[in-house]
Amino acid sequence: MKLFFKGFGFVFAALFIWAAIMQYNDPDPYVWYAIYGIAAIVSVAFALNKLSFNLTVLLAFAYLLDGIVTWPAKFEGLEIGQGDIKNIEEGREALGLLFCAGIFCIYALRLRYVKGVERG
């Protein structure tokens, strides 16, 4: 199981790097480079067993809060051409933040409950 979570962390690090690269044509790409870059760094730290539980919880909460704040007033889906581009963009951004928060929660649960058992 230890090897599974190590791979899990590296896979999500690669996915977050890919997500950051895909922001090249976004109106605010540097913000998203930072958001997904931090997620990639956290994922590598998790895979290498160098991640703090408290930092993980703090980041999960921050990404969750930002995802909620970013959520559009009217969600119109994710596909371009199906609604107002501003709502679609905000929906995509919010879902990206919520996805990161969910992954951080998985990391936090692993750190809190499984690592604690392994040490004892």
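1. The model is a predicted one, in which local features need pLDDT of at least 70 and side-chain atom pairs count only at pLDDT 80 or more, while totals for chains, interfaces and linings use all residues. Residues are numbered from 1 along each chain as its sequence is written, and side-chain values use heavy atoms, with hydrogens and water left out.

2. Helix 1 covers residues 2-21, and its 20 residues should span 28 Å at 1.5 Å a residue, which agrees with the 29 Å between its end C-alpha atoms. The expected span is 1.5 Å times one less than the number of residues, and helices are DSSP runs (H or I, at least four residues) numbered from the N terminus.

3. The buried residues of helix 1 (under 20% relative accessible area, with a 1.4 Å probe and protein chains only) are Phe5, Phe8, Gly9, Phe12, Ala13, Phe16, Ala19 and Ala20. Seen down the helix axis, these buried residues fall within an arc of 135 degrees, so they line one face of helix 1; the arc is that of the directions from the axis to the C-beta atoms. The face turned away from this buried side carries Leu3, Trp18 and Ile21, which are exposed, a term for over 50% relative accessible area.

4. Tyr24 lies in the loop between helix 1 and helix 2 (29-47), and it is exposed, with a relative accessible area of 58%. Leaving aside residues up to four places away in sequence, Tyr24 touches Pro29 and Tyr33, where contact means heavy atoms within 4.5 Å.

5. Helix 2 has 19 residues and reaches 26 Å from its first C-alpha to its last, close to the 27 Å expected. Its buried residues include Pro29, Trp32 and Tyr36.

Notes:
Helices (H or I, at least four residues) and strands (E, at least two) are DSSP runs, numbered from the N terminus.
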